[in-house]
Amino acid sequence: MATTIEPTTQTKTNFLTAIQEAIAEEMAANKNMICLGEDIGILGGAFGVTIGLQDSFGTERVIDMPISEAAIAGVSIGLALNGKTVCAEFQFMDFISTGFDQIVNNMATYHYRTAGEVALNITMRGPAGGYGGGALYHSQMNEAWFANSPGLKIVCPSTPYDAKGLTKAALRDPNPVLIYEVKELYRKREIEEVLPTEDYIVPIGKAAIRREGKDITLISYGQNVYHCLEVADLLAKDGFSAEVIDLRSIVPLDEEAIVTSVKKTNRVLVINEAPRTCGFAGEVVARINELCFEYLDAPALRVTRLDTPVPWVKPLELFVLPSVDKMYQTALKVCRY
Amino acid sequence: MAKQANLENTEQPAHMETLYRQMVQIRHFENKCNQVYRMGKAGGYLHVYIGMEATAVGWLNCIKHGWDYVITAYRDHAQPLILGSDPMKLMAEIMGRQDGYSNGKGGSMHIYDIERGFFGGWGIVGGHTPIGAGLAFGSKYKGEDRVTLNFLGDGAANAGVFFETLNMAALWDLPCIFIIENNEFAMGTRIEYHAADTELHKRGFPFGMKHERVDGMDLVQVMKDAKRIVDYVRKEQKPYLVEVMNYRFAGHGAADNDQSLYRTPEELEHAKLRDPIKLFEKYLLDNNLMTQEKMEAIDNEIEQDIERIYEEADASPHPPIEDVYSHVYTDMEPEMGH
């Protein structure tokens with residue numbers, strides 16, 4: 001029997017607060033958990049995700065780190081080997097590149113090279129994504145770097161409910177997990193929602209269908225999900241019913257959800273904020289070809305960021321990143337193929 | 001509770017024999033590894049510890065086995081041997097066999113034996129140093145009196161992450177001993193060509209860390225220094241940076257066939273005058289702690305033992321292909337549908 005969780009309060013929660021709640025609740029429930037990051041303690045984080053956390057849990061468990069991403073990631077491994085649950089914040093996901101070696105080489109492989117004896121319960125989270133005028137080094141979605149490194153799980157929530165549930169799932173997952181928090185969603189009023197008061201998780205590796213449709217499948221995650229919903233509205237006016245899939249997890253990828261939808265709609269467009277070449281959209285298109293090519297009535301296409309850096313100036317930024325108009329035009333092409 | 005090494009009886013003949021056996025075991029084991037590599041039974045990249053034995057034997061006999069933590073780079077066969085890991089499992093790992101510590105998937109550079117406090121074996125120069133700091137952070141956090149020995153080479157002392165790590169270790173007073181094994185060469189690049197200041201111990205200075213340069217060839221002296229420093233770090237729960245001067249007699253890796261590119265035969269011969277095994281033998285003889293006959297008997301016994309270990313490891317099969325996906329994640333096998 002299906003049970004629905006009835007909210008006891010109608011107060012809506014924003015994306016940032018949902019993450020804050022997830023971390024605080026896990027800290028309270030798991031005495032072994034510690035948080036590390038630059039400016040996360042006294043300041044409460046660059047965006048305020050950890051405001052109040054040090055007051056609640058003390059300087060022993062919420063630790064301000066030097067600006068040393070490599071050492072933060074490396075020390076996280078050593079702490080996890082001591083049985084700690086580590087939640088490490090990267091001030092911007094762009095900056096994670098300075099800790100790259102520790103994550104992709106040392107962290108991602110330790111379970112494997114110990115023949116399964118040890119697992120590293122490390123969650124690495126931080127703000128990511130464009131459309132906010134952050135320019136070259138404060139706008140990127142670099143999840144494909146890590147998707148190319150077996151041993152890591154990667155998630156990217158788009159709603160407060162998922163942000164809380166996926167953060168909790170990550171913190172309980174014995175494997176290293178990266179969470180791409182879309183910073184443009186942190187305080188977006190339109191997406192605030194009432195969250196269950198009960199403890200819950202959103203399982204890693206499960207996509208969500210945001211809108212059902214029968215003529216074309218739009219696949220994305222993060223901020224692009226909202227663009228896809230806009231595109232679906234536009235397509236409806238042209239008489240096409242679009243199904244919108246929010247992947248939520250990049251690794252593992254919910255192939256079943258993709259294949260089920262493509263078998264129904266026979267047309268698909270993948271949207272991704274990362275650059276075109278070797279961005280994750282390319283991987284999704286390849287999987288569709290491998291798994292359900294014979295169901296396609298049109299080529300599986302993608303709309304991505306251009307293969308350029310992200311420019312500072314707004315009109316150019318919006319031209320470089322996937323726009324609703326470009327998605328809509330491409331979706332029409334797929335629908336009318 | 002982990003067993004504790006007997007740290008007090010360093011002058012006792014029985015303990016001297018243990019140390020001697022470790023020195024000789026490493027030498028024979030490593031010679032066998034080189035041979036195994038040349039036979040094509042170990043692939044890839046393999047680095048032996050020949051000439052440097054006194055450093056690991058000295059330091060690892062001054063910590064509590066199974067309690068204190070040890071981490072090192074890719075020249076990592078000696079440390080687990082000293083800590084009591086199974087030499088057969090070690091050789092099997094090096095040969096890529098099912099009986100190896102990582103079922104043959106890790107190999108020569110990535111040995112581990114967590115039960116004995118050995119966390120690896122790391123293949124990227126300098127990359128493991130923050131993990132060692134994290135180990136020390138973890139033990140300090142839990143209120144334990146563990147000491148972490150964080151070995152690295154002279155080449156790794158130039159890696160950026162090492163400086164981030166030194167800062168954190170000093171900032172938080174982590175009980176971590178950074179042991180730079182200065183064997184004078186970063187692979188084929190002599191220290192004068194790779195380090196702006198060749199006194200590498202000074203890298204602790206800007207972080208307010210105690211630091212010094214010590215000998216790494218004379219086992220007796222190594223143990224005196226190691227015991228003093230380990231005791232200090234355990235008691236004070238503060239980091240320490242030690243530059244241990246040693247020398248490798250073998251090439252950088254088993255495939256390093258042309259050492260004439262970076263050092264002369266005369267230089268090597270000169271260094272061999274301080275062969276750590278010969279130095280220790282002289283000490284044992286001079287102090288009537290062991291006879292020449294006994295040494296020869298031990299040497300023969302261990303050489304034969306290593307042969308037996310090799311035969312046993314060689315009998316272990318390669319891991320089955322079906323295992324290729326195992327242990328990438330705890331709970332899923334990637335791409336099983338393809």
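These legends walk through several close-up views of a predicted model.

**Figure 1. Where chain B meets chain A.**
Let us begin with the contact between the two chains. Here 42 residues of chain B are in contact with 47 residues of chain A. The size of an interface is often given as the accessible area lost when the parts come together. Between chain B and chain A, the buried area comes to about 3600 Å², and carbon and sulfur atoms give 63% of it. On the chain B side, the residues that lose the most area to chain A are Tyr141(B), His327(B) and Tyr329(B), which together make up 18% of what that side buries.

Between chain B and chain A, 21 residue pairs are in polar contact, counting pairs with both residues at pLDDT 80 or more. The elements that give two or more residues to the side of chain B that touches chain A are helix H5 (129-141) and helix H6 (160-171) of chain B. Of the elements on that side, H5(B) gives the most, with nine residues. The rule finds one salt bridge across the interface of chain B and chain A. To find a salt bridge between the chains, look for the side chains of Lys153(A) and Asp331(B), which meet at 2.9 Å, N to O.

**Figure 2. Ser220(A) in its strand.**
Now we move into chain A. Ser220(A) is found in strand E10, which covers residues 216-220 of chain A. Is Ser220(A) buried or exposed? With a relative accessible area of 1%, Ser220(A) is buried, because buried means under 20%. The side chain of Ser220(A) reaches the backbone nitrogen of Val225(A) at 3.3 Å. Beyond its neighbours within four places in sequence, Ser220(A) has contacts that include Cys228(A), Ile245(A), Asp246(A), Leu247(A) and Ile271(A).

**Figure 3. Val182(A) and the residues around it.**
Another strand residue of chain A is shown here. Val182(A) belongs to strand E7, residues 177-182 of chain A. Its relative accessible area is 1%, and Val182(A) is buried. Which residues does Val182(A) touch, not counting residues up to four places away in sequence? They are Phe15(A), Ala128(A), Cys156(A), Pro157(A), Gly222(A) and Gln223(A). Tyr221(A) is 39 residues from Val182(A) along the chain, and their C-alpha atoms are separated by 9.9 Å.

Val313(A) sits in the loop between strand E14 (301-305) and helix H11 (314-320) of chain A. With a relative accessible area of 41%, Val313(A) is partly exposed. Within helix H11, Glu317(A) and Lys314(A) are three residues apart, about one turn of the helix. These two residues form a salt bridge, with the closest N and O atoms 3.5 Å apart. Glu317(A) is buried at 0% relative accessible area, whereas Lys314(A) is partly exposed at 37%.

Side chains of opposite charge can pair when their charged atoms come close. Over all chains, a search of the whole structure finds 46 salt bridges. One of them joins Lys214(A) to Asp215(A), with the closest N and O atoms 3.7 Å apart. Lys214(A) is exposed, with a relative accessible area of 54%, while Asp215(A) is buried at 18%. In chain B, the side chains of Asp286(B) and Lys282(B) meet in a salt bridge at 2.8 Å, N to O. Both lie in helix H10 (residues 276-286) of chain B, four residues apart, about one turn of the helix. Asp286(B) counts as exposed at 51% relative accessibility, and Lys282(B) counts as exposed at 52%. Chain A also holds a network of salt bridges that links Glu21(A), Glu25(A), Glu26(A), Lys164(A), Lys168(A), Arg172(A) and Asp199(A).

**Figure 4. Thr72(B), a buried loop residue.**
Our last stop is in chain B. Thr72(B) lies in the loop between strand E1 (69-71) and helix H3 (78-83). Thr72(B) is buried, with a relative accessible area of 3%. Leaving out residues up to four places away in sequence, Thr72(B) touches Gln79(B), Phe118(B), Gly120(B), Gly121(B), Trp122(B), His128(B) and Phe151(B).

Technical notes. Residues are numbered from 1 along each chain as its sequence is written. Chains are lettered from A and ligands numbered from 1 in the order in which they are written. This is a predicted model: local features need pLDDT of at least 70, side-chain atom pairs count only at pLDDT 80 or more; totals for chains, interfaces and linings use all residues. Side-chain values use heavy atoms; hydrogens and water are left out. Buried means under 20% relative accessible area, exposed over 50%, partly exposed in between (1.4 Å probe, protein chains only). A polar contact is a pair of N or O atoms within 3.5 Å; within protein, one must be able to donate a hydrogen and the other to accept it, and residues adjacent in sequence count only if both atoms are side-chain atoms. Contact means heavy atoms within 4.5 Å. Buried area is the accessible area (1.4 Å probe) that two parts lose on being put together, summed over both. A salt bridge is a side-chain nitrogen of Lys or Arg within 4 Å of a carboxyl oxygen of Asp or Glu.
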